Amino acid sequence: MTGGYLNLKKTGEPDMNLRPFWLALVLGLGIVATGCTTTDTVGEDDMAGEIPAGAETDGYGDVERIEERDGAQAAGAEGIGQISGEDLLEDATGPLAERVIYFEFDSSEVSSRYTDVLRAHGEFLATHPEFSLIVEGHTDERGSREYNLALGERRAQAVARILTLNGAADEQVQVTSYGEEQPAVVGHDEQAWSQNRRAELVYQR
Amino acid sequence: MRRSIVRTLLCLCLLLPLPAAAQITIEITGGAVGAVPIAVVPFRVAEGTGNLDTDIAEIVRSDLYRTGLFDTLPPSNFIAQPASSEEVRYRNWRALGADYLVVGTVSRGNNGYNVSFELMDVYGARVLASKRYIVPPRALRTTGHTIANEVFRTLTGRPGGFNSRLLYVQEEGTGEDRQFQLIYSEADSRNAQPILTSDEPIMSPAWGPRRERLAYVSFENGRSEIYVQEVRTGERRKVASFEGINSAPAFSPDGRSLAMSLSRKGSPNIVVLDLSSGQTRQITSAGAIDTEPAWSPDGEWIYFTSDRGGSPQIYRVPATGGDVSRVTFEGSYNASPDVSPDGSLLAMVHRGESGGFRIAVQDLETGLVNVLTDGPLDESPTFAPNGAMLAYTRVDGDQTELATVSVHGRANDSLTRFEHEVREPAWSAQ
């Protein structure tokens with residue numbers, strides 16, 4: 001054998017010309033290696049794009065919670081990278097931002113479209129025992145004022161019940177009613193009335 | 001001639017004083033009985049009396065008109081303006097169609113004014129009542145109401161109660177800057193003065209039996225609580241601040257108890273509070289909304305609003321507790337009961353087929369219901385002491401105003417003098 005690329009002379013082994021094979025192998029491996037790497041990278045990038053801000057990701061070890069805040073510092077004694085209850089409450093885009101439940105005329109039935117909102121508030125209270133709130137019941141102006149005071153209370157009680165079912169303690173949820181005495185919108189038509197038939201969650205600081 | 005005498009006799013018979021236990025016999029539906037035509041002549045003001053800012057005849061005319069029992073003839077039709085019976089030509093007044101005539105004078109007195117009046121029966125050509133008054137300068141309006149009382153009592157046998165008082169809630173401003181006042185005024189809403197001012201809502205004013213004290217709901221501490229306040233001194237004390245709702249106070253006719261609606265964290269029930277001992281007795285317990293207790297004048301029954309049957313209707317229960325029975329059966333919504341001073345009628349807010357909220361009265365004996373107003377947002381009926389009319393609130397465009405309506409439904413009058421939101425009138429018993 002004269003000056004080959006690879007000295008694979010071993011006694012007893014057949015002496016073959018293996019250069020084209022290795023070339024092919026190296027090239028092939030190179031191509032395959034490139035392909036695998038590309039696949040892996042794409043996978044991680046895709047997953048990273050789907051992680052909602054602030055959520056924990058299972059199976060990726062300790063992933064820092066990522067939240068976008070406009071220049072706000074993560075405050076509080078809960079440690080670096082944790083979000084305080086105050087901040088959760090103040091987040092205008094978060095699930096706790098919705099604080100008003102609306103009702104049909106003469107009804108205290110809570111619509112299923114508020115299930116998620118009330119679950120978020122209930123769970124927040126459950127995990128933040130230092131917070132409490134008042135549920136304020138209100139009605140539109142029609143009919144007896146005293147009856148409306150009672151109807152407002154019934155609405156507040158219905159919402160309070162759902163909050164405690166979702167984990168809030170009884171002491172964290174107070175109920176009160178203003179009846180028709182504190183309208184959100186002044187007016188004598190359904191436009192105004194529909195906005196006054198409500199229960200408001202008022203957090204106590 | 002005969003026809004007019006018969007008509008006069010008919011009217012007189014129906015207006016005769018009735019024994020206390022009898023039912024009202026005047027048709028509530030306003031059928032056969034017509035309003036009695038009466039001419040109240042502008043009082044002659046003697047020379048040297050100066051300018052009066054009070055028109056006594058106009059006060060008498062308005063008081064009588066609002067009861068729905070009198071057709072008060074317009075003064076512009078009066079050819080002559082007599083000031084005493086000697087000057088009266090009865091023939092002129094018969095020609096005008098007047099059955100009765102009131103004339104009077106006002107002159108300067110030593111310490112104010114001298115006022116006199118005479119009430120005449122036009123067809124009988126005789127004086128039925130006459131009086132003279134010595135009036136302090138500020139009391140001209142009161143004198144006008146007193147004369148109206150005399151005329152009313154002479155012709156119907158019942159007290160006019162025109163010197164009674166109204167309580168109502170007034171709201172000014174919007175949103176966070178709203179201010180609430182509890183207003184005390186004469187029965188025609190004049191001479192209004194605030195007796196309580198607050199940044200938070202006030203509700204449900206209620207009179208004690210002799211106008212000496214009142215009760216109301218105040219939100220000044222962030223929730224509903226019931227206070228009792230002395231009229232003369234303004235002193236007040238909190239009488240109910242249980243957990244939940246404390247609302248709809250109503251004094252018993254003897255003034256010793258206060259019925260109210262308390263939820264105490266559950267559903268609102270009717271509870272009677274003994275004002276001297278502080279003890280409470282719960283008299284309903286249906287797990288529904290029970291509110292707006294209203295006492296019968298004999299103190300035996302409490303009428304109240306309840307949705308135990310699905311939607312608000314009026315029920316009654318013995319004041320000491322016992323079986324609850326339903327009272328209203330017409331319409332999809334009946335609330336805000338008020339019992340007339342003679343115990344025969346029940347006023348309410350009623351929603352019928354038209355869908356609007358209107359004031360109605362039900363004869364408690366026959367069950368007949370008469371709707372008196374047009375709605376669509378009428379509230380808070382309260383009987384006048386004479387039982388002939390009700391004050392209530394209604395919406396006029398963007399504003400809420402106080403109004404009266406006669407039980408016979410013919411006389412509907414707006415009382416508002418102010419530009420603010422007013423509501424929940426309570427008419428004193430005297």
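## Buried residues and helix α2 of chain B

A residue is called buried when its relative accessible area is under 20%. The structure described here is a predicted model. By that criterion, nine of the 11 residues of helix α2 of chain B (residues 56–66) are buried, so this helix is largely enclosed by the rest of the structure. The buried residues of α2(B) are Ile56(B), Ala57(B), Ile59(B), Val60(B), Arg61(B), Ser62(B), Asp63(B), Leu64(B) and Arg66(B).

Both ends of the helix have a feature to report. Just after α2(B), Gly68(B) adopts a positive phi of about 75°.

## Nonpolar cores

The largest nonpolar core has 40 residues, of which Ile38(B), Phe43(B), Val115(B), Leu119(B), Ile147(B) and Val151(B) touch the most other members. Helix α4 of chain B (residues 140–156) provides the largest share of this core, with six residues. Another core, of 37 residues, lies apart from it and includes Val271(B), Tyr333(B), Tyr392(B) and Ala403(B). In soluble globular proteins, nonpolar side chains tend to be buried together.

Leaving aside residues up to four places away in sequence, Val115(B) touches, among others, Phe43(B), Ile56(B), Leu140(B) and Ile147(B). Its neighbours also include Lys131(B), Arg132(B) and Thr143(B).

## Interface between chains A and B

In the contact between the two chains, 24 residues of chain A meet 36 residues of chain B. The area buried between them is about 2,400 Å², and carbon and sulfur atoms give 56% of it. Three salt bridges are counted between chain A and chain B. In one salt bridge, the side chain of Arg423(B) meets that of Glu181(A) at 3.6 Å, N to O.

On the side of chain A that touches chain B, α4 (145–165) and β3 (173–179) of chain A each supply at least two residues. The most is given by α4(A), with nine residues. By residue class, this side of chain A divides into eight nonpolar, seven polar and nine charged residues.

## Ser340 of chain B

Ser340(B) is located in the loop between β22 (333–339) and β23 (345–351) of chain B. Its relative accessibility is 1%, so Ser340(B) counts as buried. The side chain of Ser340(B) makes a polar contact of 2.9 Å with the side chain of Asp342(B). A polar atom of the Ser340(B) side chain also lies 3.3 Å from the backbone nitrogen of Ser344(B). Beyond residues up to four places away in sequence, Ser340(B) touches Pro297(B), Leu345(B) and Phe383(B).

## Backbone features of chain B

Gly375(B) and Pro376(B) are joined by a cis peptide bond, with omega of about 5°. Pro376(B) belongs to the loop between β25 (369–371) and β26 (379–383) of chain B.

Two serines of chain B have positive phi values. Ser189(B), although not a glycine, has a phi of about 75°. Ser189(B) is placed in the loop between β8 (179–186) and β9 (193–198) of chain B, and is buried at a relative accessible area of 2%. For Ser204(B), phi is near 55°, again a positive value in a residue other than glycine. Ser204(B) lies in strand β10 of chain B (residues 202–207) and is buried, with a relative accessible area of 6%.

How values were computed
Residues are numbered from 1 along each chain as its sequence is written. Chains are lettered from A and ligands numbered from 1 in the order in which they are written. This is a predicted model: local features need pLDDT of at least 70, side-chain atom pairs count only at pLDDT 80 or more; totals for chains, interfaces and linings use all residues. Side-chain values use heavy atoms; hydrogens and water are left out. Contact means heavy atoms within 4.5 Å. Buried area is the accessible area (1.4 Å probe) that two parts lose on being put together, summed over both. A salt bridge is a side-chain nitrogen of Lys or Arg within 4 Å of a carboxyl oxygen of Asp or Glu. Helices (H or I, at least four residues) and strands (E, at least two) are DSSP runs, numbered from the N terminus. Ala, Val, Leu, Ile, Met, Phe, Trp, Tyr, Cys and Pro count as nonpolar, Asp, Glu, Lys and Arg as charged, and the others, Gly among them, as polar. Buried means under 20% relative accessible area, exposed over 50%, partly exposed in between (1.4 Å probe, protein chains only). A polar contact is a pair of N or O atoms within 3.5 Å; within protein, one must be able to donate a hydrogen and the other to accept it, and residues adjacent in sequence count only if both atoms are side-chain atoms. A nonpolar core is a set of buried Ala, Val, Leu, Ile, Met, Phe, Trp, Tyr and Cys residues joined through side-chain atoms within 4.5 Å.
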